[in-house]
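The following briefing is intended for a reader who wishes to relate individual residues to the fold around them. Please keep the sequence and the structure in view while reading.

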Amino acid sequence: MSYLPSETRYNSIPYNRCGKSGVMLPAISLGLWNNFGGEDAIENQRNMLRRAFDLGITHFDLANNYGPPPGSAEENFGQILEKDFRSYRDELIISTKAGFKMWDGPYGDWGSKKYLISSLDQSLKRMNLDYVDIFYHHRPDPDTPLEETMGALDQIVRQGKALYVGISNYNAEETKRAISILKEQGTPFIIHQAAYSMLNRWVEDGLTDVLEREGAGCIAFVPLAQGLLTNKYLTGIPSDSRAAKEHIPFLNEKDISNDVLQKVKQLNEIAQQREQSLAQMALVWVLQEKSVVSALIGASKVSQIEENVKALENPQFSKNEIETINAILK
Ligand SMILES: NC(=O)c1ccc[n+]([C@@H]2O[C@H](COP(=O)([O-])OP(=O)(O)OC[C@H]3O[C@@H](n4cnc5c(N)ncnc54)[C@H](OP(=O)(O)O)[C@@H]3O)[C@@H](O)[C@H]2O)c1
């Protein structure tokens, strides 16, 4: 059946300007790292993407290696795009990345121009797109000169294969250098994709200051700590959760320590007092940090996306709530 998006799709989510660029990002974006690969049911993927768009989520984030197997999330996304979203391409911000191992040999990893240019060409083919809206270098490469990596990003924009470029997982110092090189080359840097959640606050230690000074935005990935910042692990590991899935190696039983659970329980109480779920509170919390324009969530079910978007109905924190949360997170 052909898909007609909801006519009210622009009524529920605020769109935030990404730094000093022209790009507006939805306060909540959807990433396809897990649950969108070759081992996951495509109908569920399709339902999640449709519902997300119906709710106003206009930004979908991918990477060359998302799957498993690597590349399959882009392939699946390309198929769904063809069926459901082709007429809405201009209403979407689609991003992809390269920087982690993608193919064998010396040219399928890290940050050389050889790798980035050919990887983006492969991504565009898999998704059947002429261009992506944002292309990221996925992680810093200690061995390739930053001038070469940023030169590749500059070339990609000039070729029209990406409209904007960004970086991910660079620290504050590396980010400063990358921005300065891109400025010299004449391609503006607009966005940093950084891990940020109540349980991982490293960006507050300099990175968001740099981004704010430079007029760039931050999109916060893993804002729910892969599901830890929800109430799902409070009484054990549900069989349909990420921690229980063998084909997803990124969250395991050992990550759900007593120490983390103690914090999560206390945070859950504050969320209840706010009449929000813990997931909802965790999402609006990251959006308070300066320069953070969007919380980049993952999901395994439509209902999670619906719950998460509702977070935006109660985005403010009292001074007292912030102090209590800080004390728990110390
Ligand atoms: N740049 C990078 O290096 C990098 C690295 C990692 C991720 N990312 C990006 O960030 C995106 C998000 O990562 P993530 O999936 O780890 O983010 P996350 O939002 O922290 O975790 C998502 C997981 O939390 C659970 N969840 C979500 N909403 C829930 C709710 N309302 N109630 C209960 N559980 C809920 C689901 O787990 P279950 O599956 O257990 O249901 C879901 O798969 C990725 O898709 C990717 O685009 C980027």
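Ser119 is found in helix H3; helices (H or I, at least four residues) and strands (E, at least two) are DSSP runs, numbered from the N terminus. The model is a predicted one, in which local features need pLDDT of at least 70 and side-chain atom pairs count only at pLDDT 80 or more, while totals for chains, interfaces and linings use all residues. Residues are numbered from 1 along each chain as its sequence is written.

**Ser119 and its surroundings**

- Ser119 is classed as buried because 25 other C-beta atoms lie within 10 Å. A residue is buried if 20 or more other C-beta atoms lie within 10 Å of its own, exposed if 12 or fewer, and partly exposed in between, with C-beta atoms placed from the backbone.
- Leaving aside neighbours within four places in sequence, Ser119 is in contact with Asn64, Ala98 and Met102. Contact requires that the C-beta atoms of two residues, placed from the backbone, lie within 7 Å.
- Ser119 and Asn65 are 54 residues apart along the chain, yet their C-alpha atoms are separated by 9.9 Å.

**Helix H3**

- H3 comprises residues 113–127, which is 15 residues, and reaches 21 Å from its first C-alpha to its last. This is close to the 21 Å expected at 1.5 Å a residue, the expected span being 1.5 Å times one less than the number of residues.
- The buried residues of H3 are Tyr115, Leu116, Ser119, Leu120, Ser123, Arg126 and Met127. They lie on the same side of H3 because they cover an arc of only 120 degrees around the axis; the arc is that of the directions from the helix axis to the C-beta atoms.
- An α-helix has 3.6 residues a turn, so residues three or four places apart point the same way.
- The cover over the buried residues of H3 includes helix H2 (72–85), strand E5 (93–98), strand E6 (132–137) and helix H4 (146–158).
- Asn128 follows H3 and has a positive phi, near 55 degrees.

**The barrel**

- A barrel is closed by 8 strands in the order E3-E4-E5-E6-E7-E8-E9-E10, with parallel pairing. Neighbouring strands of this sheet are turned by 30 degrees against each other on average, direction ignored. Axes here are lines fitted to C-alpha atoms, for helices over the stretch in contact, and angles run from 0 to 180 degrees between N-to-C directions.
- E5 and E6 pair in the parallel sense over 4 bridges, and Lys97 stands opposite Tyr136 in E6. Two strands pair if DSSP finds at least two bridges between them.
- Strand E7 (residues 162–168) runs parallel to E8 and is joined to E8 by 4 bridges. Val165 has Phe189 in E8 as its bridge partner.
- Strand E8 (residues 189–195) is in turn joined to E9 by 5 bridges, again in parallel, and Gln193 stands opposite Ile219 in E9.
- E8 is mostly covered, with 6 of its 7 residues buried. E9 is likewise mostly covered, with 5 of its 5 residues buried.
- Gly217, Ile219 and Phe221 point one way from E9, whereas Cys218 and Ala220 point the other way. In a regular strand the side chains alternate between the two faces of the sheet.

**The ligand shell**

- The ligand is surrounded by 30 residues, of which the closest are Gly31, Trp33, Leu224, Gly227 and Gly298. A residue is near a molecule or strand if its C-beta atom, placed from the backbone, lies within 6 Å of it.
- Strand E10 (292–297) and helix H9 (302–310) each supply at least two residues of this shell. H9 gives the most, with 3 residues.

**Backbone exceptions**

- Most residues other than glycine have a negative phi, and most peptide bonds are trans.
- The peptide bond from Gly67 to Pro68 is cis, with omega near -10 degrees. A cis peptide bond also joins Pro68 and Pro69, where omega is about -10 degrees.
- Pro68 lies in the loop between strand E4 (59–61) and H2, and Pro69 is found in the loop between E4 and H2.
- Trp110, in the loop between E5 and H3, has a positive phi near 70 degrees. Trp110 counts as buried because 21 other C-beta atoms lie within 10 Å.
- Ala225 has a positive phi near 50 degrees and is found in the loop between strand E9 (217–221) and helix H7 (258–273). Ala225 counts as partly exposed because it has 18 C-beta neighbours inside 10 Å.
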